[in-house]
Amino acid sequence: MAKRKRSESGTMVKVAMARELDIEENDAEESVQVDEYSDDFDEDHDDEGDKSSMSEQEENSANSLLAVEGTKPGKVSKKKLSVSRLADDVHNLHEAIQLYKSNIFKMEIDELLAELKIDEDKTKHVDKILHKLKVVIESIEDSPELLLPDAEKMLSKSGISIPFPDPKPPKDAQYRFKYEGPSDYNVVNCYLLKTMIKSPERFGVDVVVNMPKNIFHEKDALNYRYFHKRAFYLAYIASYLKSQKDLLFDMSYELLDGDHLRPVLRLESVKDGGEFDFHRARCYIRIIPGISQDVFTLTKISPSRNCVRYSQNPAESLKPTPFYNSSILNDTYFFPGTVVLHKAAKSCDGFKDAMKLGEIWLRQRGFKSSVDGGGFGSWEWGMLMAALLQGGGAKGSRSLSKGFSNYQLFKATLNYIASNDFTEAPVNTSKGPLGFDKGVFSGLPILVNNDINLNLLYRMSVSSYRRLRHEASLTVAELDDVKGDHFDSVFLDKVDSLIYQYDIASLIKFPSSRDDKTYRDIGRVFSPSYYAYFTSKVYQILHRGLGERASLISTKFSETSRWPLTAPKPSALGDGTLTLGILLDPENSERLVIHGPSAEDKSQAEEFRKFWGRKSELRRFKDGSIIESVVWEPHSERSIVSQIVTYLLERHFGEAIAKGMTFVADALAQTFAEDKELADGSAFTNFQKNLDEFEFLRKLLIDIDDLPLRVSSVMPASPALRYASIRSPAEFLNEYAHEFSDVVIELETSSKWPDDLVAVQHSKAAFLLGIAESIKSINAAILTQVGLERDLVTIENFSYLDIILPSGYAFRTRIQTDRESSMLKNYRIDKDLGLRAHRNLERNFSLAARHTTEFQTMCHRFPFLSPTVRRVKKWFHSHYLSPQVDDVLIELITLSIFLKPFPWTAPANATTGFLRTLYFLAHWDWRADPLILDVDNSLTIRDVQAIRDTFKSLRNNDPEYNQTALFVAVNYARDGTTWTSPNPSKVIASRITMLARASCEVLKTGNTIVSNNKSIIGRIFVSPLKDFDFVIHLKKMDRRTGRDVKYPPCDYFGLYFNELQTIFNGNVLLLRNALENDVIAGVWDPSILKARNWKVYLGYSTQPSTTEEANASDNNAHVRANIIAMVHEMGRLGGDLISKIDVLK
């Protein structure tokens, strides 16, 4: 995953010290309880005072906060430390152990907060601006009372348009507009609380100007009159600021948190280098009109009341208007809300930092306070924490303790979000019962201030709330995993990615609101944003239609929310695209039939038919039931869920909407679908016949009773027997017949095996001959043949037995003995040879069998693991990495995406799994991070630490990665190098990273993955041959030519490649695509290209060097590699297999 920049000095020293302390900690993390906490921590803490410079306006706002609390304004003296630095360090380390996940985690949080802290020197100009604005706004003269035409005419002279929300006031409106000086002027929210953090976007400095009570009437709360007067008030301020020649701003209108009813004035700095140039602060100022809580009778604008008469039918027109009412209530809560946060920050030392952590976490997941940002941002996060510091637990007890650290507050808040349903159990910021019926928010979450009955989460949708809980649950699970460091995935990784986050993602074009009469008549009363209204309808339809197939449906849209002062507010802002993301339930997503109600239930059946239309049909099932059903095509180009989404959009929103929808990565999925090796059937149907035949073979071998030792076990050890081979196993008569499925045989334990390893290998060959004879006597239709893998005089296994069953499925069996492993370990004649042979034995026999069994289990646990790993292998092969990267290594890397999917869930779609694997390969810093897999959750913290220590020792002993580049450990192979040493080398590992990054960049550049440009997407499976020094082009051959049709053909290309590797080992890096066998590419070792002194046994063909440098160095003869001669030798060895050889460099 993407790594942040870390300092190379002090921080890393602290981290190293902390690692040593971590080893001594308990294996299990002390859990954070969030239901009830003792009041022992709840004493108020004194503020230490903010020493940063404050503007006069900020001081006024701060003093106002203190006045609300009954505290006398004044500076708080700084406490003097009475303990030594050593005692301080001990205290901090003790705190880290007790309160944080680990010492390292605490340091990472501290470092992150320090890096994101705003440089207050850059905000000094902002303070001056705030003071100047206060003076200017207070000097604005009152306007006369004006009717609408007069108000518009007056402001139009200044080039200002009044940002009236829809519906705009009628031209004959009799109520009057007036401007009077604000009753209050306050800086609020993050700038006053100093909780803003650095971000790619500018942060906002909110200034609230409270409109005086006497410009409103009690009935102005009805039928948008308040919002119309509010818009005039804002435009009047904009007109005056525009006229100030000494106060230059780039001014525009903006929706406040995406609320179409509440525009604000946005002021951005003009880069003129003047006194009020504040562009270096990377912020903007928002002037927000508000009102005090005594302007309207609060009970009359409660969410359960109606404030918009939208129908001639009194019964229908008096339905509650919660969004409209909450928008008015929210305008009364700017300063009181800031007071709540200030009190919480004063009573809890970790509160502000916890707000910052919450903002970081939310930002990385695409959440903001705005309607299009999900309606939950840092302000809502802070209000929730403040509420939980007062209650939320059992019997009204506190859910958060005031003595919590910033991390504890952060995690406990996430835990509360994940484990509590705010739609069923609303959260109160103050004590007392809910002042309105929670049903008026129709399943939306409720975080309410009981003083004014304001639901602070009124901008959230059902979709965004469920997504928030989903993300909180994932993060809590990450933080509970004490075996790994998930800091990056929690705080640094960009989680909100359309490409990687969802199993199915699509883009839907919004229709025009002008074409939606229902919205224009009624819908906008309940949702002022048409995009939000349409998005909600899409969510409701898909949520009902997909049912258990989808574990999460995310619907999002984007609104720019800004427009110039000279233009009226547009009805829609943004690119007009709805983003749909779906997480699938792998157990249910591919079901072909949707079961509806019984035919006897007339009303439910009618509703079912109305929803599904022509797809609904009455069916009789095997159990005798007759029910309404919907059946989908199993072998369509698109998945079942994609078919359902397309049909439902067409059914309920029209054909144009369905045809205009684009499925993200659809072209990539179709590319895989068109690949005959990857397309057919599911993982289990493709491989089941081969597994059935293996089971037949296993029983056959175990039942053989005429051998000196009986077969005790038969174990699968092949990708084809663990759902992981690219090509599905097939009868040997087809063109891929040379691919046997490897099988390991174990014989009964015996003490009569020879003590000589060479004799052991010959004895094993004799046993294979005996097994072949026994099989022939049992069933003559079974073909058998004993083969040799290497020289007969060897201590390693050299024999195998090929068995071809009557069905045509082929297996290659080898024997493993119980004594062989210990004999190789203790081989004294050549210790290095013995250890190397022992390593090969473990990898190719016992570990291969164990891995096959475990990977089979994982494929059943994760149904989309098999198709994903086959696609990933296809990518590796297409880049000529076949001989350099072991199949098992690719499988383990892919498996990690499912076992360790954070910050996402395990993929439930093969294309998503493929994309995430590429993302992992592109961002994995294999030089510094080992990959550790726990397939059965049996590794303890100490086990994980021991593996990390092994990795650390390996890197210390081999800092140049000459022996081992990648380190991949799993429960049954904890050394981390079983399938990574000696290959892939650091050159290949670096190339894998480079190719993965290039593939991700291709998919991202120009929105290729979204636009589904098939020709560009195909580039990720092509490696340019110009990267290599030479390329041997191979002929296309009929591999069955001259062969007995009863036996599989030979892999001539593979044998030729192996011969080249043996002869030219160390001098050239050879690469091939074992699937296509079209070319063999080579890269020369740079060291042999340099001139050097001649000596015998250089290991490669040489020629005299003619460079001046070589001739001038000394009197010895200088030589360099004879590249042309070696290439010609390769051609001679290949003979008729080769069509041509290109020497590129």
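A residue is called buried when its relative accessible area is under 20%, exposed when over 50%, and partly exposed in between, with a 1.4 Å probe and protein chains only. The model is predicted, so local features need pLDDT of at least 70 and side-chain atom pairs count only at pLDDT 80 or more, while totals for chains, interfaces and linings use all residues. Residues are numbered from 1 along each chain as its sequence is written, and side-chain values use heavy atoms, with hydrogens and water left out.

Salt bridges come next. The term stands for a side-chain nitrogen of Lys or Arg within 4 Å of a carboxyl oxygen of Asp or Glu. By this rule there are 47 salt bridges. One of them pairs D331 with R230, with the closest N and O atoms 2.9 Å apart. D331 sits in helix α10 (residues 322-331) and R230 in helix α8, so the pair links parts of the chain that are 101 residues apart. Helices here are DSSP runs of H or I with at least four residues, strands are runs of E with at least two, and both are numbered from the N terminus. D331 has a relative accessibility of 0% and therefore counts as buried. R230, at 1%, counts as buried too.

A second salt bridge joins D246 and K132, and its closest N and O atoms are 3.5 Å apart. Because D246 lies in the loop between α8 (225-242) and β3 (249-256) while K132 belongs to helix α5 (residues 124-138), the pair ties together parts that are 114 residues apart in sequence. D246 counts as partly exposed, with 45% relative accessibility. K132 also counts as partly exposed, at 23%.

K168 and D166 form another salt bridge through their side chains, at 2.9 Å from N to O. K168 is partly exposed at 39% relative accessibility, and D166 is partly exposed at 25%. There is also a network of salt bridges, which links D206, E254, R266, E268, R286 and R562.

Some charged residues gather on the surface instead. K122, K198, R280 and R282 make up a patch of positive charge there. Patches are built from residues with over 30% relative accessible area and no salt bridge; like charges are joined within 9 Å, and nonpolar side chains (Val, Leu, Ile, Met, Phe, Trp, Tyr) within 5 Å. Lys and Arg count as positive and Asp and Glu as negative, whereas His and the chain ends are not counted. R280 is placed in the loop between β4 (259-269) and β5 (283-290). Its relative accessible area is 51%, so R280 is exposed.

A nonpolar patch on the surface is formed by W1094, V1096 and Y1097, which together have about 450 Å² of accessible area. Such areas come from the Shrake-Rupley method with a 1.4 Å probe, and for residues only the protein chains shown count as cover. Y1097 is in the loop between β27 (1092-1093) and β28 (1102-1104). Y1097 counts as exposed because its relative accessibility is 82%. The loop between β27 and β28 also holds S1101, which counts as partly exposed at 31% relative accessibility. From S1101 to V1119 the C-alpha to C-alpha distance is 9.7 Å, and the two are 18 residues apart in sequence.

Helix α19 (residues 602-612) has A605, F608, F611 and W612 as its buried residues. Seen down the axis of α19, these residues fall within an arc of 125°, so they line one face of the helix. The arc is that of the directions from the helix axis to the C-beta atoms. K602, S603 and K610 are exposed on the other side of α19.

The peptide bond from F902 to P903 is cis, with omega near 10°, and P903 lies in the loop between α28 (887-899) and α29 (910-923). N983 and P984 are also joined by a cis peptide bond, with omega about 5°; P984 is in the loop between β23 (968-970) and α31 (986-1004).

Y723 has phi near 65° and is found in the loop between β17 (711-716) and β18 (741-747). With a relative accessible area of 3%, Y723 is buried. Y961 has a positive phi of about 60°, and its place is the loop between α30 (941-957) and β23.

Conventions:
The place of a charge is taken as NZ of Lys, CZ of Arg, CG of Asp or CD of Glu.
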